[in-house]
Amino acid sequence: MELIELLEKNLGKKIKSLDRPREKRIYIEISPEDLRFAAEFLFNSMKCRFSTASGMDEEEHFEILYHFSLDSKGIFINLRVKTERKKPEVDTISDIIKGARWIEREMHELLGVNFKGNEELGNLLLSRDYRGPKHPLRKK
Amino acid sequence: MSKEEKRQITEIPIGPYHPLQEEPEFFRLKVEGEKVVGLDIEIGYNHRGIEKLAESKHYDQVLFLVERICGICSTSHPFAYVNCVEEICGLDIPLRAKYIRSIVGEMERIHSHMLWLGLAGHFLGYNTVWMWCWKYREPLLELCEKLFGNRQHYAMMKIGGVRRDIDNAGGSAFCREMNLLLPKLDMLQKAIEDDPVLRARLKIAGTLPKKEAVSFCAVGPMARASGIDIDVRRDEPYAAYSMVDWTVPVRTEGDVYAKTMIRLEEMRQSVLIIKQCAEALKKAKGDISVQIKEVPPGEGIGRHEAPRGEVFHYIKSRGGTVPYRHKIRAPSYMNVFTNEYAVVGGTIPDAAITLAAVDPCYCCTERMQAVDGAGRQVYTSKQLIDICREKTFSMKRGKNK
């Protein structure tokens, strides 16, 4: 349980809930305002690799899971952030992690979440003449 | 006029459909004289909405859908997908299926790296390497067809195991083919190492230092050539990878030469894995799959070390027969982006091989098309499928050899 202690010590009260359904998977829910701190801690201090992020429409709110891989132990640490449906917005982490630039663009485009501080949120995947639903990954 | 204003920057478009790039990606090179000073990357020309489609398909149907994400890594996405669903179900697959899965994964790695190596030779004007790679790759694809049922898109993966068994004769065929391949890999390596021009071209091109590779979150051979010691097969073992002896090659130079040597060494390691799995398969008795009734609510992550790096699948299930959310991240999504650093500062001729060193993949499943003198098709698609089936059956009966 050394890893959990390390996470609890450094993220402290920022952790809203911590779930470990399997030995190699840790899910930590945090507030959107604590995202940058937690991402910086995992990426720079714990030397985790940012794998990707999954944005999903949970109907009453939007949820973004940031998947960090602790390759030395084969463990995934997932940061769960919830943002309200009326104004979906979270801070960008693309200035901390270059590898997050495209996925933030993709989530902005397909799910309609705004990433505060990311200046390049143009279309990534959909074509310019796309005529379907504005944000195709939304459920309603 | 200031010095800055005197700079003349020219834009060279590469793509989206360019004779050198087999896949539709658009690279806008900004050059000053011969030197590349900037790069814009545009993707999305091949977006098919697979994540959205997966939300409307049964878990078994999704398997066929993800197999068609990529032509050359056709088993990588199903591999990560079954790992993901089995994690949600808390399922352990039979031993025999584990060995077969590893054999399929490694066969794919070898023929995929062979394809890259051949294309790299072709891009650099060293067509001997290209011809050799194609020549020695062909028997591997024929073996895939004989034992998996197809050259690509084998449909071997299944939630709970594998779809087809490999008998003892099949295991021996793998060992035989791998023994034949090893000296050819040595020959290819010497051909590259001993060629002063090729060595010089690859050594100076497209260097990606470790610091940048970490920041861009590069994966696979791209990361391992820049000194990042990661490999999903070792870091979070699945299938039979923890039951066989093999090593992860790592180099620190970060240039195209290092990426080439990493891929060559990985092919050797794949040969070792296949031979050990094929031998172990002869002793492992039992079923090749277990039945699952339903996927419970929950979430899971599945990954697989594809030839190009970590394939990542995340599924959220709310019960029922379809995934609620299915997130897919292919390795090229992280690796193509590194070109923004690796290409800048180099020259235009080096940009071609640097962009190709990422190994963006394309589908090589087109088998044959017969046309008469006027360009009309001689065979219909149904006739072509019948010819393919007949060839596969004849190979299985041993008449083609």
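Biologist: Which residues of helix α1 (residues 2-11) of chain A are buried, and where around the axis do they lie?

Modeller: Keep in mind that this is a predicted model. In α1(A), the buried ones are Leu3(A), Ile4(A), Leu7(A) and Leu11(A). They cover an arc of only 100° around the axis, so they lie on the same side of α1(A).

Biologist: And which exposed residues does the face turned away from that buried side carry?

Modeller: Buried residues of α1(A) pack against β1 (17-22), β2 (25-30), α2 (35-45), β4 (61-70) and β5 (75-84) of chain A. The face turned away from them carries the exposed Glu2(A), Glu5(A) and Lys9(A).

Biologist: Over to chain B: how is helix α7 (residues 168-193) oriented relative to helix α12 (residues 256-283)?

Modeller: Their axes come within 9 Å and cross at roughly 160°. Angles over 145 degrees count as roughly antiparallel, so α7(B) is, relative to α12(B), roughly antiparallel.

Biologist: How do the residues of that contact between α7(B) and α12(B) divide?

Modeller: The crossing itself is left-handed. As for the residues of the contact, they divide into six charged, six polar and 15 nonpolar.

Biologist: What about helix α8 (residues 196-204) of chain B, how does that one lie against α12(B)?

Modeller: α8(B) brings Arg199(B), Leu202(B) and Lys203(B) to the contact, and α12(B) brings Val256(B), Tyr257(B) and Thr260(B). The axes are 5 Å apart, at an angle of about 110°. That angle makes α8(B), relative to α12(B), roughly perpendicular.

Methods:
Residues numbered from 1 in each chain as written. Chains lettered and ligands numbered in written order. Predicted model: local features only at pLDDT ≥ 70, side-chain atom pairs only at ≥ 80, totals over all residues. Heavy atoms only, no water. Buried < 20%, exposed > 50% of the residue type's maximum accessible area, 1.4 Å probe, protein only. Helix = DSSP H or I, 4+ residues; strand = E, 2+ residues; numbered from the N terminus. Arc of directions from axis to C-beta. Contact = heavy atoms within 4.5 Å. Axes fitted to C-alpha atoms, helices over the stretch in contact; angles between N-to-C directions. Parallel < 35°, antiparallel > 145°, perpendicular 65-115°, else oblique. Left-handed = near helix turned anticlockwise from the far one by under 90°. Nonpolar A, V, L, I, M, F, W, Y, C, P; charged D, E, K, R; others polar.
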